[in-house]
Amino acid sequence: MKKISPDTKSQLVEIAKNAQKWAYTPYSHYPVGAAVLTESGKIYDGVNVENAAYPVTMCAERVAIFKAVSAGERMLSAIAVVTKNGGAPCGSCRQVMVEFNPEMVVLVADEEGHIIEEKPVKELLPGYFSPEYLKK
Ligand code: THU
């Protein structure tokens with residue numbers, strides 16, 4: 001697990017918190033903000049984007065990760081997730097995280113910026129499906 005400095009952790013949480021206001025949540029009223037740190041030191045934010053066809057909704061964590069990947073980033077070191085009550089990332093988001101780095105540090109924080117949980121994603125999704133299984 002890559003060591004992330006306390007300053008970088010605070011910065012990630014702050015960026016996720018700032019992004020949270022852009023969440024599109026007319027149905028759940030549960031805005032989520034995320035910020036992912038790349039190995040190269042860049043940060044991409046994301047918010048949840050809901051839809052009237054409920055299952056089409058996309059989580060904040062995946063929006064942030066997909067923004068990073070679509071900008072050419074593959075190695076992701078950490079991700080911060082901010083909600084009003086320290087909600088944890090869902091299983092689908094965990095699976096997307098392990099794809100890019102099982103050691104990715106997941107910081108779960110509340111709106112006051114308090115980090116409630118901090119763990120590598122591999123510990124949040126034991127027995128995850130990995131690209132190894134697809135090798136011939
Ligand atoms: N949500 C996220 O953005 N990330 C998660 O990991 C869990 C749930 C969103 C989806 C939906 O817009 C709202 O939170 C309530 O489920």
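Contact here means heavy atoms within 4.5 Å. Keep that in mind as we walk through this predicted model, where local features need pLDDT of at least 70, side-chain atom pairs count only at pLDDT 80 or more, and totals for chains, interfaces and linings use all residues. Residues are numbered from 1 along each chain as its sequence is written, and side-chain values use heavy atoms, with hydrogens and water left out.

Let's start at Gln-20, which sits in helix H1 (residues 6–20). Helices (H or I, at least four residues) and strands (E, at least two) are DSSP runs, numbered from the N terminus. Gln-20 counts as buried because its relative accessibility is 8%; buried means under 20% relative accessible area, exposed over 50%, and partly exposed in between, using a 1.4 Å probe and protein chains only. Leaving aside residues up to four places away in sequence, Gln-20 touches Pro-31, Val-32, Gly-33, Val-47, Val-82, Thr-83, Lys-84 and Glu-111. Two of these partners also come up in polar terms. A polar atom of the Gln-20 side chain lies 3.1 Å from the backbone oxygen of Pro-31, and a polar contact of 3.1 Å links the side chains of Gln-20 and Glu-111. A polar contact is a pair of N or O atoms within 3.5 Å; within protein, one must be able to donate a hydrogen and the other to accept it, and residues adjacent in sequence count only if both atoms are side-chain atoms.

Now for the sheet. It is open and mixed, with five strands in the order S2-S1-S3-S4-S5. Strands S2 (43–47) and S5 (115–120) are at the edges with a single partner strand each, so one side of each has no neighbour in the sheet. Two strands pair if DSSP finds at least two bridges between them. S1 (residues 33–38) and S3 (residues 76–83) run antiparallel and are joined by six bridges, with Ala-35 opposite Ala-80 in S3. Helix H2 (residues 60–70) lies across S1, S2 and S3, at about 145° to S2. For such angles, axes are lines fitted to C-alpha atoms, for helices over the stretch in contact, and the range is 0 to 180 degrees between N-to-C directions.

Finally, the ligand. Residues around the ligand include Ser-28, Tyr-30, Asn-48, Thr-57 and Pro-89, where near means a heavy atom within 4 Å. Ligand oxygen atoms are found 3.0 Å from a polar backbone atom of Ala-60, 2.7 Å from a side-chain N or O atom of Glu-61, and 2.8 Å from a polar backbone atom of Cys-90.
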